[in-house]
Amino acid sequence: MSENKDILVAQKAIDREVEALEIMKKELDENFSKVLDLILKSKGRVIVTGMGKSGHIGRKIAATLASTGTPSFFVHPGEASHGDLGMLTNDDVVLAISNGGESRELSDILMYCKRYNIPLIAMTKNAESTLGKAGDYLLKLPNDGEACPLGLAPTSSTTATLVYGDVLAIALMERKGFTSTDYKQRHPGGKLGAILCKVSDLMHKGDEMPIIDEDCIMQDALLTMSAKMLGCVGVVNKKGELIGIITDGDLRRWMSPKLIEEKVSKVMTKNPKTIRPDVLASEAVYVMNNTGRGITNLFVVEDQKPIGLIHIHDCLRAGVN
């Protein structure tokens with residue numbers, strides 16, 4: 001019985017928060033586009049500020065903006081009053097968050113923005129509040145109460161604030177044409193960095209590539225394979241186009257006393273699997289794992305000419321799987 005009651009309480013809370021988001025969705029107006037215009041024209045950063053729960057959400061909004069191509073950081077209003085106002089410049093835009101719009105701790109930042117003509121975006125549910133009136137632009141939060149049974153703890157309001165920050169970041173990404181490559185540059189580490197890693201980021205290139213001409217003999221191929229230590233050698237024609245590959249497996253299949261005297265064109269596997277430099281490294285792993293008996297190397301080509309070589313171990317070391 002108590003479990004059913006718990007689930008009903010949870011569902012009711014979720015419904016209240018969804019309701020707040022639906023209201024916010026309907027109340028979106030031209031101010032939203034104007035805020036996007038303002039941020040895109042700005043030569044500085046988006047400075048996010050807020051007190052209490054609004055501050056916690058503000059930190060996340062600043063982090064999301066920064067990671068998606070909009071320079072941004074959070075300034076605590078209390079610290080701002082003790083020197084951190086110096087972080088603000090005339091090129092910046094300030095996004096001040098307060099659900100009710102009457103956070104006393106924001107007063108110094110609001111006055112500073114007015115004194116130095118720094119554009120101020122107010123995010124609040126109360127357009128007639130101190131913050132609402134001070135803002136050059138208003139991003140209105142839904143005035144629909146809280147999901148908390150007491151109607152006091154910030155719940156629906158903080159969810160709406162968080163979503164508004166996400167919406168801003170997404171719309172700015174769309175406006176800028178922000179790509180997965182741009183995203184990777186800001187997330188080089190961890191699992192995200194591995195997921196977004198491209199073949200061109202991991203491939204061996206230049207003198208590291210094991211390449212020989214089609215007129216060479218197997219002695220040359222063996223020497224090149226031993227020197228490059230990548231378990232294969234690529235064979236190119238007079239135009240520099242990749243026409244074959246010789247792997248450790250090919251050596252075992254052709255093993256004989258006269259192997260070193262054979263032409264590489266006789267021993268090589270023709271039309272080997274290749275990959276483009278601009279695809280994700282995870283695709284290279286998929287190709288290697290799902291090609292016949294499985295392979296450990298892929299030559300990277302452009303216009304049929306090899307520009308690199310990627311090995312399965314390069315991918316695994318980078319966390320790509």
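This is a predicted model: local features need pLDDT of at least 70, side-chain atom pairs count only at pLDDT 80 or more; totals for chains, interfaces and linings use all residues.
Visitor: What makes the pair of Asp250 and Arg253 a polar contact?

Guide: The cut-off for a pair of N or O atoms is 3.5 Å. The side chains of Asp250 and Arg253 come to 2.6 Å, and the pair counts as a polar contact. A polar atom of the Asp250 side chain also lies 2.9 Å from the backbone nitrogen of Thr247.

Visitor: Which residues does Asp250 touch, if those up to four places away in sequence are not counted?

Guide: They are Ile245, Val267 and Thr269. To be in contact, heavy atoms must be within 4.5 Å.

Visitor: How do you know where there is empty space in a model?

Guide: A probe the size of a water molecule is rolled over the atoms, and this shows where empty space is left. Here the largest pocket has a volume of about 490 Å³. Its lining has 20 residues, and the closest to the centre are Ile245, Thr247, Arg253, Gly294 and Ile295. Strand 8 (242–247) and helix 12 (248–253) are the elements that give two or more residues to this lining.

Visitor: Which element gives the largest share of the lining of the largest pocket?

Guide: Helix 12 does, with five residues.

Visitor: What makes up the lining of the largest pocket by class?

Guide: There are four nonpolar, 10 polar and six charged residues. Gly counts as polar in this division.

Visitor: What is the volume of the second largest pocket, and which residues are closest to its centre?

Guide: The volume is about 170 Å³. Of the 14 residues lining the second largest pocket, Ser54, Asn99, Gly100, Pro154 and Ser157 are the closest to its centre. Two or more lining residues come from each of helix 3 (53–67) and helix 7 (156–176). Helix 7 gives the most, three residues. By class, the lining of the second largest pocket has four nonpolar, eight polar and two charged residues.

Visitor: Which residues of helix 3 are called buried?

Guide: The cut-off is again under 20% relative accessible area. In helix 3, the buried residues are Ser54, Gly55, Ile57, Gly58, Ile61, Ala62, Thr64, Leu65 and Ser67. Just after helix 3 comes Gly69, with a positive phi of about 100°.

Visitor: Where is Met229, and why does Met229 count as buried or exposed, whichever applies?

Guide: Met229 is in the loop between helix 11 (218–228) and strand 7 (232–236). Exposed means over 50% relative accessible area. Met229 has 69%, so Met229 counts as exposed. Its phi is positive, about 55°, although Met229 is not a glycine.

Visitor: What is the phi of Gln304, and is Gln304 buried or exposed?

Guide: Gln304 has a positive phi of about 70°, although Gln304 is not a glycine. The relative accessible area of Gln304 is 53%, and over 50% is called exposed, so Gln304 is exposed. Gln304 sits in the loop between strand 11 (297–302) and strand 12 (305–311).

Terms used
Residues are numbered from 1 along each chain as its sequence is written. Side-chain values use heavy atoms; hydrogens and water are left out. On a 1 Å grid over the protein atoms alone, a cavity is a set of points where a 1.4 Å probe fits but cannot get out, and a pocket is an open set with protein on both sides within 12 Å along at least five of seven lines; lining residues have an atom within 4 Å of a point. Grid points are joined across faces, edges and corners, and a volume is the space filled by probe spheres set on the points. Helices (H or I, at least four residues) and strands (E, at least two) are DSSP runs, numbered from the N terminus. A polar contact is a pair of N or O atoms within 3.5 Å; within protein, one must be able to donate a hydrogen and the other to accept it, and residues adjacent in sequence count only if both atoms are side-chain atoms. Buried means under 20% relative accessible area, exposed over 50%, partly exposed in between (1.4 Å probe, protein chains only).
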